[in-house]
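Open the model in your viewer and keep the selection tool at hand.

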Amino acid sequence: MLAASLLFAAGCSVASADQLAAPPTGQGPRTALAIAPAKIRAPYDVQVLRESGEVLPTYAFKDRFYVQGNAAERYILRITNPTPNRVEAVVSVDGLDVVDGENGDLRKRGYVVPPYSETRIEGFRTSQADVATFRFSSVVDSYAGKKGKARNVGVIAVAIFEEEAAQQVIVPE
């Protein structure tokens, strides 16, 4: 079983939609990820979805929240912005930044989530057009493990940065 924390903070950047990959074959043992409680996330929401779009089951245990999935099952992150302002979501999975696959860092660029909208992150970006899909796996089989960076396998971190309002300049007539 994998355990992970979904973290939040409350800036902006660029992103594009990901392409879908082939579905996984077979069923395996269950794995889990921990996510932050809603009171920390408000008003934004982060969900872990199955490839079909169904929200994965979430369970609470000792002030942690876990998302249940199957080994080798593909998952997608959905970040929802119910506000009238754009936000930037800087996301890491297994300690790796989802945009460049290197170590996660709050100073890196993220995905822009438009006002009253959502962004789905399909996997680690490997080019402008391709991603390495997110899948529940063992530490050794994880993307981070294969890169020799397995320290934070099972951790999903999302920092949300609100865009600062542009200052209005009043020109005297």
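**Stop 1: the core**

Select Tyr75, Leu77 and Ile79, the residues with the most contacts inside the largest nonpolar core, which has 26 residues. A nonpolar core here is a set of buried Ala, Val, Leu, Ile, Met, Phe, Trp, Tyr and Cys residues joined through side-chain atoms within 4.5 Å. Buried means under 20% relative accessible area, with a 1.4 Å probe and protein chains only. Two or more residues each come from strand 3 (45-50), strand 6 (74-81), strand 7 (87-93), strand 9 (111-113), strand 12 (131-135) and strand 13. Strand 7 gives the largest share, four residues. Strands (E, at least two residues) and helices (H or I, at least four) are DSSP runs, numbered from the N terminus.

This is a predicted model: local features need pLDDT of at least 70, side-chain atom pairs count only at pLDDT 80 or more, and totals for chains, interfaces and linings use all residues. Residues are numbered from 1 along each chain as its sequence is written, and side-chain values use heavy atoms, leaving out hydrogens and water.

**Stop 2: arginine 78**

Next, select arginine 78 in strand 6. Arginine 78 counts as buried because its relative accessible area is 14%. Show its side chain with that of glutamine 47: a polar contact of 2.3 Å joins them. (A polar contact is a pair of N or O atoms within 3.5 Å; within protein, one must be able to donate a hydrogen and the other to accept it, and residues adjacent in sequence count only if both atoms are side-chain atoms.)

**Stop 3: glycine 154**

Finally, go to glycine 154, in the loop between helix 2 (143-146) and strand 13 (156-162). Glycine 154 is buried, at 0% relative accessible area.

Notes. Buried means under 20% relative accessible area, exposed over 50%, partly exposed in between (1.4 Å probe, protein chains only).
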